[in-house]
Amino acid sequence: MSIKSKIVSVMMAMVLVLSASLIPVGSANAADGLDEQDLQLIEILTAIENMPDEVIMQGEEAIKTYLENEVSFPLGLDEGQGLSDVRMASIGSIAGCVGAVGTAIVVNFTPAKILKIKSALKSVGGATKFVKAIKPYYKMSREDKLSKTASLKQAVRLAAKDAGPDAREALLDLFGVSSVIGSCSAAFGK
């Protein structure tokens, strides 16, 4: 092999290594069939999945602050209003779903339940895998003429089918909060 060939081979290897290091591992994007709204739902669920246990144990205000700092969009947990007030979002928007999930985590769940939800998201393969699975299962359930509530519950069960019963139950609890049902079922489709 000539020196010129060796140099070209080394440079190509360096380019390959550098290009591979610039590709985010496990990230979701439009190439994965996800739109901006799906990415926001993934972002809030990933924030929950990665929330430090210390933050969870500190309670409502620490959880609220953590979530607001971890996502790149406003959650709408307005300080002037109660934490139970989700920002106004158009019916059927994923923003309403994301806000409802954030509010449910902050307001409706004890630290022990949040730890279970966090563990459940990890056991189903992470937020991206879960969101990619739940939407088609929801649409399939609606096509089978199930109600929005029953469709969302079935979609969660199916998306978490490889997780244990405790993980499925924790995710069903999160997606069973009435504000989450209303907002997320409208966002996932009719």
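This is a predicted model: local features need pLDDT of at least 70, side-chain atom pairs count only at pLDDT 80 or more; totals for chains, interfaces and linings use all residues.

Student: What share of the 190 residues is buried?

Tutor: Burial is judged from relative accessible area, and a residue counts as buried when that value is under 20%. In this chain of 190 residues, buried residues make up 41%.

Student: At roughly what angle do the axes of H2 and H7 cross?

Tutor: For a pair of helices, one reads the approach of the axes and then the angle between them. The axes of helix H2, residues 36–49, and helix H7, residues 127–143, come within 8 Å of each other and cross at roughly 135°. Angles over 145 degrees would count as roughly antiparallel, and H2 and H7 are therefore described as oblique to each other. The crossing in which H2 passes H7 is right-handed.

Student: Which residues make the contact between H2 and H7?

Tutor: On the H2 side they are Asp38, Leu41, Ile42, Leu45, Thr46 and Glu49, while H7 contributes Ala127, Thr128, Phe130, Val131 and Lys135. Sorted by class, this contact of H2 with H7 holds six nonpolar, two polar and three charged residues.

Student: How are H8 and H10 placed, roughly parallel or roughly perpendicular?

Tutor: The reading goes by the angle once more. Helix H8, residues 148–159, and helix H10, residues 178–188, have axes that come within 10 Å and cross at roughly 80°, which means that H8 is roughly perpendicular to H10. In this contact Lys148, Thr149 and Leu152 of H8 meet Val180, Ile181, Cys184, Ser185 and Phe188 of H10, and the residues divide into five nonpolar, two polar and one charged.

Student: How many salt bridges does the count come to?

Tutor: One looks for a side-chain nitrogen of Lys or Arg within 4 Å of a carboxyl oxygen of Asp or Glu, and by this rule the count comes to three salt bridges. One of them joins the side chains of aspartate 38 and lysine 135, with an N to O distance of 2.7 Å. This pair links distant parts of the chain, since aspartate 38 belongs to helix H2 and lysine 135 to helix H7, 97 residues apart. Aspartate 38 is buried, having a relative accessible area of 4%, and lysine 135 also counts as buried, at 16%.

Student: Which residue meets lysine 118 in a salt bridge?

Tutor: The side chain of lysine 118 meets that of aspartate 53, at 2.6 Å from N to O. Because lysine 118 lies in helix H6, residues 111–123, and aspartate 53 in helix H3, residues 53–58, the pair ties together parts that are 65 residues apart in sequence. Lysine 118 counts as buried at 12% relative accessibility, whereas aspartate 53 is partly exposed at 37%.

Student: Where do lysine 113 and aspartate 173 lie?

Tutor: These two residues form a salt bridge in which the closest N and O atoms are 2.3 Å apart. Lysine 113 lies in helix H6 and aspartate 173 in helix H9, residues 165–174, so that parts 60 residues apart in sequence are tied together. Lysine 113 counts as partly exposed at 22% relative accessibility, and aspartate 173 counts as partly exposed at 24%.

Student: What is the phi of lysine 145?

Tutor: Most residues other than glycine have a negative phi. Lysine 145 has a positive phi of about 70° although it is not a glycine. Lysine 145 sits in the loop between H7 and H8, and its relative accessible area of 74% makes it exposed.

Student: In which helix is proline 165 found?

Tutor: Proline 165 is found in helix H9 and counts as exposed at 58% relative accessibility. Its C-alpha atom is separated by 9.6 Å from that of alanine 120, a residue 45 residues apart from proline 165 along the chain.

How values were computed
Residues are numbered from 1 along each chain as its sequence is written. Side-chain values use heavy atoms; hydrogens and water are left out. Axes are lines fitted to C-alpha atoms, for helices over the stretch in contact, and angles run from 0 to 180 degrees between N-to-C directions. Helices (H or I, at least four residues) and strands (E, at least two) are DSSP runs, numbered from the N terminus. Angles under 35 degrees count as roughly parallel, over 145 as roughly antiparallel, 65 to 115 as roughly perpendicular and the rest as oblique. A crossing is left-handed if the near helix is turned anticlockwise from the far one by less than a right angle, and right-handed if clockwise. Contact means heavy atoms within 4.5 Å. Ala, Val, Leu, Ile, Met, Phe, Trp, Tyr, Cys and Pro count as nonpolar, Asp, Glu, Lys and Arg as charged, and the others, Gly among them, as polar. Buried means under 20% relative accessible area, exposed over 50%, partly exposed in between (1.4 Å probe, protein chains only).
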